[in-house]
Protein chains: 2
Amino acid sequence: MNLKQLSELLGLSQTTVSRALNGYPEVNEATRERVLQAVKETGYRPNKAAQRLATGKAGSIGLVMPTAPDHYSDVHFGEFLTGLGEEAVRHDFHFVIMPADPNDEVGALRRLAISGNVDALFVAYMRGHDPRLPMLKSLSMPFLVHGRSIGSEPDYPYLDIDNEAAFYDAARLLLQLGHTRFALLNGPGHLDFAIRRKNGLVAALSERGLSLPEDCVSHTSMTDELGQTAMERFLQMPERPTAILCSSTVLALGAIRAVNQAGLKLGEDISLIAHDDVLPHLKPENFSVPLTTTRSSLRAAGVRIAQRLIGTVKQEGPFPEQELWKTELIVRASTGPAPRDQNLGGV
Amino acid sequence: MNLKQLSELLGLSQTTVSRALNGYPEVNEATRERVLQAVKETGYRPNKAAQRLATGKAGSIGLVMPTAPDHYSDVHFGEFLTGLGEEAVRHDFHFVIMPADPNDEVGALRRLAISGNVDALFVAYMRGHDPRLPMLKSLSMPFLVHGRSIGSEPDYPYLDIDNEAAFYDAARLLLQLGHTRFALLNGPGHLDFAIRRKNGLVAALSERGLSLPEDCVSHTSMTDELGQTAMERFLQMPERPTAILCSSTVLALGAIRAVNQAGLKLGEDISLIAHDDVLPHLKPENFSVPLTTTRSSLRAAGVRIAQRLIGTVKQEGPFPEQELWKTELIVRASTGPAPRDQNLGGV
DNA sequence: TGCATCTGTCAAAGCGCTTTGGAACGACAT
DNA sequence: ATGTCGTTCCAAAGCGCTTTGACAGATGCA
């Protein structure tokens, strides 16, 4: 069943049927009803390829999935994708995924853009001075960045969370509790969010005249395994840190294992605040000692980004070009006053 | 630049240019060269939407990504996707991903099929009596299954590994080494591969008159965390098992942590064989005690499946409808003779 | 030389939709 | 009656490609 047949069936022109279906105003409500009814009965579905050719819109957004022999496919990516997808399905959009080596992200992105299969691009895992940004700007295709790129002119559309503020606030809380020795379990050092979180922590510390020794910072992929290893190293330091900031609840999972194995008590000997992306299988309140967290839902970000991107393609704007979401600091049991004995040397 | 302009530029008809580009034989080689040269110079790219409308082929394969509030997005899925993508890119295919609740897989698959965005479907995470199978067969769209569905008529195209044989062989090796008390760290119990692996183990055991107690089987998602928990339970049993079969190196990772924490020696007190999907960041030879494994590359399976699916769409067949890959049993240090003292009560 | 057969090319007809530029009609005011 | 709108609908022209059917011109065989 195609439009022509349907219109003949109804004794209407293709124009009218098309307009009825696409919600144009210049069609009688009674006629529209009749059309809609016929669609239901016949099961007519417009041909996507034809629509696409006629409108020039593919109804899809493209993204590059970083992948390589040594690449961790991490849960955060999957969670974000879920949000993106939820919203896309709602609008009958789909997304096209191009897997690519992380070293060839620029090329992959360009290929995706000129492939003609997508209307818009989505980009994540931003780095400082990200080379994809100039390329994206040179393309005449809408795009949206999740995160930001420190060192780049901030003249591109993005959605990010306020990573500096999140870790600044978290650090302030721990400082108020009397902690002076901090350590940071961070994500990969070249990624923007990791840089900013570190900056937030450093800023809070320097307000108190404190600094963050380099050996108290760990940059790794965000798996619990690596979180554990890094934490073990921290715990073996002669003057071990009492306050830990952690870029993911996944890292925290491993870190806490290390704390337990060292026979230390979380929330007493060691205070820990993790950033919580609201991963469904890793709820901070379900940890044996519930985790104090900075929270911002990754999935919600995915939904919002899809909304904006799809809206832009459909020209339903205007959307704010740049959004910076605040995180929530939620205090649970993993934070407590700095242990006395260790705090004597402090400020 | 479109075909019409290009053909005018060359003083040829659209027909000839189109044929030159698509490798049809009825065009002079010299002419073809000239066309190809012009394409290079002008940067002409055929419009995908128009091609699609004219040919009826979308150049894409569709798949459903299981996702839900409580769903683990696991590394195995990502790894497989990578293989799929690698091959797709090579053929200028893309894949369309529809996220869906695992409880609505059938509906999601149907929606994807009728959306008109895909030429073929790929399906994984097969269950016993999988309800998607009858639906897929009713569709007139090529599809390919990764895995099989025990309890369903095996009349659908699939690619699977011989899970029974893998775990049968693994179990035999351990039996030959004198082990009599087995435990199984398996994937989710409703999934076909898990069922078959258990069957393989049970078959090997029953040949020796042994059985597998229900409390020696653990069915969980395949994360190291859950592997550890399950293994801890096994180790606390009064007559603890000495031979462990493990459905993933990810599970093994956790399991081994439990073994170490119990102060036991892998390959001496406990022998363990894991199935190795050849995950890039988890090489069995890099474990502190290198792991004996049954091996079959998930990524390679992805590549092969993409090949077959794309070939089918392009009508380049014939491909074998059903492929069953043998796994390799690779002996490393995590397997050894059953400990004497514990083995006295055995066969 | 005549006739059949290839070769290389082309014009034109789709593919199924959207959208432009009217046109028919009744209502309303002049 | 005439002109002006607004409403509701339509015919036809694309969108950019593939593919069918036909046709010159070259070639082979008798």
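Which residues in helix 2 of chain B meet helix 3 of chain B? In this predicted model, B:Thr16, B:Val17, B:Arg19, B:Ala20 and B:Leu21 are the residues that helix 2 of chain B brings to the contact, and their counterparts in helix 3 of chain B are B:Thr31, B:Arg32, B:Val35, B:Leu36 and B:Val39. By class, six nonpolar, two polar and two charged residues make up this contact. Helix 2 of chain B spans residues 14–21 and helix 3 of chain B spans residues 29–42; the two pack at an angle of about 85°, and their axes are 9 Å apart. Because of that angle, helix 2 of chain B is roughly perpendicular to helix 3 of chain B.

Helix 2 of chain B also takes part in the surface near DNA strand D. In total, 28 residues surround DNA strand D, and the closest are A:Thr15, B:Leu3, B:Ser18, B:Arg19 and B:Tyr24. B:Arg19, listed here among the closest residues, is also one of the residues of helix 2 of chain B that meet helix 3 of chain B. The surface near DNA strand D divides by class into 10 nonpolar, 14 polar and four charged residues. Sugar or phosphate accounts for 61% of the atoms of DNA strand D within 4 Å of the protein, and bases account for the rest.

Individual polar contacts involve both the phosphates and a base of DNA strand D. A phosphate oxygen of DNA strand D lies 3.1 Å from a backbone N or O atom of A:Asn28. In chain B, an N or O atom in the side chain of B:Tyr44 is 2.8 Å from a phosphate oxygen of DNA strand D.

Elsewhere in chain B, B:Asp160 is placed in strand 5, which covers residues 158–161. Its relative accessibility is 4%, so B:Asp160 counts as buried. Beyond residues up to four places away in sequence, B:Asp160 touches B:Gly147, B:Arg148, B:Asp192, B:Arg196, B:Glu323, B:Leu324 and B:Trp325.

Chain A contains 13 helices and 12 strands. Its C-alpha atoms fill a box of roughly 90 × 40 × 35 Å along the principal axes. Of the 347 residues of chain A, 56% count as buried. Among contacts in chain A between residues at least 6 apart in sequence, 67% join residues at least 24 apart.

Methods: Residues numbered from 1 in each chain as written. Chains lettered and ligands numbered in written order. Predicted model: local features only at pLDDT ≥ 70, side-chain atom pairs only at ≥ 80, totals over all residues. Heavy atoms only, no water. Axes fitted to C-alpha atoms, helices over the stretch in contact; angles between N-to-C directions. Helix = DSSP H or I, 4+ residues; strand = E, 2+ residues; numbered from the N terminus. Parallel < 35°, antiparallel > 145°, perpendicular 65-115°, else oblique. Contact = heavy atoms within 4.5 Å. Nonpolar A, V, L, I, M, F, W, Y, C, P; charged D, E, K, R; others polar. Buried < 20%, exposed > 50% of the residue type's maximum accessible area, 1.4 Å probe, protein only. Near = heavy atom within 4 Å. Polar contact = N/O pair within 3.5 Å; in protein donor to acceptor, adjacent residues only side chain to side chain.
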